[in-house]
Amino acid sequence: MTQLKIAVAGASGRMGRMLIEAIAAAPDAVLAGALDREGNPFINSDAGAFSGQLTGVVIQSDLAKGLADADFLIDFTRPEGTLHHLEYCAAHGIKMIIGTTGFDDAGKAAIRAAAEKTAIVFAPNMSIGVNVTLKLLEMAAKNFSEGYDIEIVEAHHRHKVDAPSGTALKMGEVIADALGRDLKECAVYGREGVTGERDPSTIGFATVRGGDIVGDHTVLFAGIGERIEISHKSSSRVSYAQGSLRAARYIADKATGLYDMQDVLGLKA
Ligand SMILES: NC(=O)C1=CN([C@@H]2O[C@H](COP(=O)(O)OP(=O)(O)OC[C@H]3O[C@@H](n4cnc5c(N)ncnc54)[C@H](OP(=O)(O)O)[C@@H]3O)[C@@H](O)[C@H]2O)C=CC1
Ligand SMILES: O=C(O)C1=N[C@H](C(=O)O)C[C@H](O)C1
C-alpha cells in the first residue's frame with residue numbers, strides 16, 4: 001500500500017495533536033513532518049511527545065526542513081500561518097488540507113489562486129456530520145423560505161479566536177444561496193439596544209464562548225406556531241481529524257484544484 005506522507009502544521013495545537021495521533025493510527029498514512037511557528041516552545045520536540053508515542057519526527061519552524069519529506073500538509077493554524085504555508089506548498093507542489101477558519105476575502109482568493117498550482121481541500125469543518133447537516137439545511141431553507149425567521153447559534157471553547165465560527169458562516173452561506181440571498185447583505189451579527197423589529201430577510205448569528213465546548217451549531221427556523229431546530233454537536237475533535245485524512249486520500253491522485261468536504265464526501269450531486 002502506498003503511504004500518504006503527511007506533515008502537520010500547528011503540530012502542538014489542539015487539532016495538531018489530534019491529527020498526529022490520527023496519522024499514527026492510520027494504516028495508509030505516515031507522519032512526514034511537523035511545523036509550528038518560530039518561538040513556539042515545542043520546536044525541536046518530538047511531534048508525538050504529547051501522546052507519549054514518539055514519532056521520530058521533530059517539530060520544526062523551517063518550512064523547507066519540515067516539509068522536505070511531505071506530499072501533503074494538513075493545516076489547522078491561523079489565517080496568517082496558513083497563507084505563509086500556502087505560498088511554499090504551491091511553489092513545491094505539496095497538497096494542502098486547510099481547516100483554518102477566519103480568512104478574509106483576500107485570504108480566500110489566495111487559496112483559490114494556489115489551487116491552480118497544487119491540490120487543496122479547504123473546509124471550515126471536516127466532520128462528516130456537519131457536512132451532511134449542510135445538505136439538510138439546504139433542503140430546509142428551500143422549504144422555509146417564507147414565514148420563518150432564520151437564526152444560527154454557535155458555541156465553542158474559551159480559546160477560540162474567531163467569531164462567528166467558520167462553520168456557522170458556511171451554514172449561513174448555504175442557507176442564503178438556497179434562498180437566493182447574499183449573506184454579505186442579509187447577515188446580522190449579534191444584537192444590542194433598541195434594534196427595531198426583526199427584518200424577515202435577515203439571517204441572524206449568535207456566538208457563545210466558554211469552557212471546553214468542542215463545537216455546537218444550531219440553526220433555528222422560527223415560524224408562527226412552530227419552530228424547527230437543526231443541530232450538530234461535536235464531542236471530540238477526532239471527527240475533524242478523520243475527515244482531514246479522508247480529504248488527503250481524496251486529493252492523492254489530483255495535481256491541482258480546489259475542493260471542499262462536500263466534494264470529498266460525494267455530497268454535491
Ligand atoms: N475545519 C475544521 O474541521 C476545524 C477547524 N478548526 C480551526 O483550526 C484552527 C486551529 O484550531 P485549534 O487547533 O483549536 O487552535 P490552537 O490554538 O490549539 O492551535 C493552533 C496552532 O497553530 C499555531 N499557529 C498560530 N499562529 C500561527 C502562525 N501565524 N503560523 C504558524 N503557526 C501558527 C499555534 O502555535 P502557537 O501556540 O505558537 O500560537 C498552534 O500550534 C482554527 O482556525 C479553528 O477554527 C478547528 C477545528 C476543526
Ligand atoms: O475553533 C474550533 O474549535 C472549531 N473551529 C471550526 C469553525 O470555526 O467552524 C470548526 C469547529 O466548529 C471547531
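**The two ligands**

Guide: Helix H3 gives the most to the shell around ligand 1, with three residues. This is a predicted model, where local features need pLDDT of at least 70, side-chain atom pairs count only at pLDDT 80 or more, and totals for chains, interfaces and linings use all residues. Residues are numbered from 1 along each chain as its sequence is written, chains are lettered from A and ligands numbered from 1 in the order in which they are written, and side-chain values use heavy atoms, with hydrogens and water left out.

Visitor: Which residues surround ligand 2?

Guide: Among them are Lys-160, Gly-166 and Thr-167. To count, a residue needs a heavy atom within 4 Å of the molecule.

Visitor: Why is the pair of Thr-167 and ligand 2 called a polar contact?

Guide: A polar contact is a pair of N or O atoms within 3.5 Å. A polar side-chain atom of Thr-167 lies 2.5 Å from an oxygen atom of ligand 2. So the pair qualifies. The protein covers 86% of the 320 Å² of accessible area that ligand 2 has on its own (Shrake-Rupley method, 1.4 Å probe).

Visitor: What contact does ligand 1 have with the backbone of Asn-125?

Guide: A backbone N or O atom of Asn-125 lies 3.4 Å from a nitrogen atom of ligand 1. That is within the cut-off, so this pair counts too.

Note on methods: Polar contact = N/O pair within 3.5 Å; in protein donor to acceptor, adjacent residues only side chain to side chain. Helix = DSSP H or I, 4+ residues; strand = E, 2+ residues; numbered from the N terminus.
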